[in-house]
Amino acid sequence: MKIARSLRLAGEGLLSLLYPPHCAKCGTDTASGVHLCAACAEQAKKIEAPFCRQCSQPFDGAIDGEFTCANCTDRTFHFECAVTRYLSRGVVREFIHRFKYDRHFYLRHPLADWMAEALEDERIGTKPFDAFVPVPLHATRFRERDFNQAEVLANLLAKRTGQPVIKALKRIRYTTTQTRLDRAQRMENLRNAFRVRHASAVQSRHLILVDDVFTTGSTVEECARVLQEAGAASVRVVTVARG
Ligand SMILES: [Zn+2]
Ligand SMILES: [Zn+2]
């Protein structure tokens, strides 16, 4: 597995020597290190205010001040907020899929760019954090995919911010796909799916949980719950996009 990863990284280096940099969406020439041209970058659907303070769900219409969406109003969460700047549509959704399922590994860079914008949100910026914690994959899924997308993205955010990544969580139950399940079924499906590896690593720490997409929030909620139980001071969530 390690060899496959090194080869992929080496291959990426070779490709960038052979091909001039280009937009990963439309193929137009770009500057070195730029994976998305300005026109395609503009197509990414940004979440604009008003949005739910808890889960970043945008609201169509005018609201003054803070707002909590109907989905969050009657729930108690173990994470303070789930912050994201983009909707998982169009180019954003396409890049996430190509990165995860088609192994277009270089797309981690534009994904991390989008994610880094979430770190500038005041819900993250106004209180310091100690470390990033990636949502883990089950070992079986990891073997299939050969990388954990959340961990790859967390590592890039760590490089940019200087804050460490703590692989604090382990996924101990293999869960089937959640897409057909409703909220209650998802929570049931995820019960006891995660375990904290070393409680001492998270105790009294302010953590940023990292995942690629926030959909119903069931996965990050279950992760946040076990992190809180292990003694984390606070958990906030950052994702590339919102489903
Ligand atoms: Zn383009
Ligand atoms: Zn909400």
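1. Donors here are N, O and S atoms within 2.8 Å of the metal (3.2 Å for Na, K and Ca); water is not among the atoms, so sites may look incomplete.

2. A word on the basis. This is a predicted model: local features need pLDDT of at least 70, side-chain atom pairs count only at pLDDT 80 or more, and totals for chains, interfaces and linings use all residues. Residues are numbered from 1 along each chain as its sequence is written, chains are lettered from A and ligands numbered from 1 in the order in which they are written, and side-chain values use heavy atoms, leaving out hydrogens and water.

3. (Four donors count as tetrahedral if all angles lie between 85 and 135 degrees.) The ideal angle for four tetrahedral donors is 109.5 degrees.

4. Cys55 sits in the loop between helix 2 and helix 3 (70-73) and Cys72 in helix 3, so the pair ties together parts 17 residues apart in sequence. Helices are DSSP runs (H or I, at least four residues), numbered from the N terminus. Cys55 and Cys72 are both buried (under 20% relative accessible area; exposed is over 50%, partly exposed in between; 1.4 Å probe, protein chains only).

5. The zinc ion (ligand 1) is held by Cys23 (SG), Cys26 (SG), Cys37 (SG) and Cys40 (SG), at 2.3 Å. Its site is tetrahedral, with angles of 103 to 115° among the four donor atoms. The spacing along the chain is C-x2-C-x10-C-x2-C. Cys26 and Cys37 both lie in the loop between helix 1 (2-18) and helix 2 (38-43), so this pair ties together parts 11 residues apart in sequence. Cys26 is partly exposed, at 48% relative accessible area. Cys37 is buried, at 13%.

6. Helix 4 (residues 90-100) packs on helix 5 (residues 108-119) at about 130°, axes 10 Å apart. Axes are lines fitted to C-alpha atoms, for helices over the stretch in contact; angles run from 0 to 180 degrees between N-to-C directions. The contact (heavy atoms within 4.5 Å) involves Val91, Val92, Phe95, Ile96 and Phe99 of helix 4 and Arg108, Pro110, Leu111 and Trp114 of helix 5.

7. Tyr101 lies in the loop between helix 4 and helix 5. Tyr101 is partly exposed, at 47% relative accessibility. Tyr101 and Arg145 are 44 residues apart in sequence and 7.7 Å apart in space, C-alpha to C-alpha.

Notes:
Tetrahedral: all angles 85-135°; square planar, octahedral: opposite > 155°, others 65-115°. Helix = DSSP H or I, 4+ residues; strand = E, 2+ residues; numbered from the N terminus.
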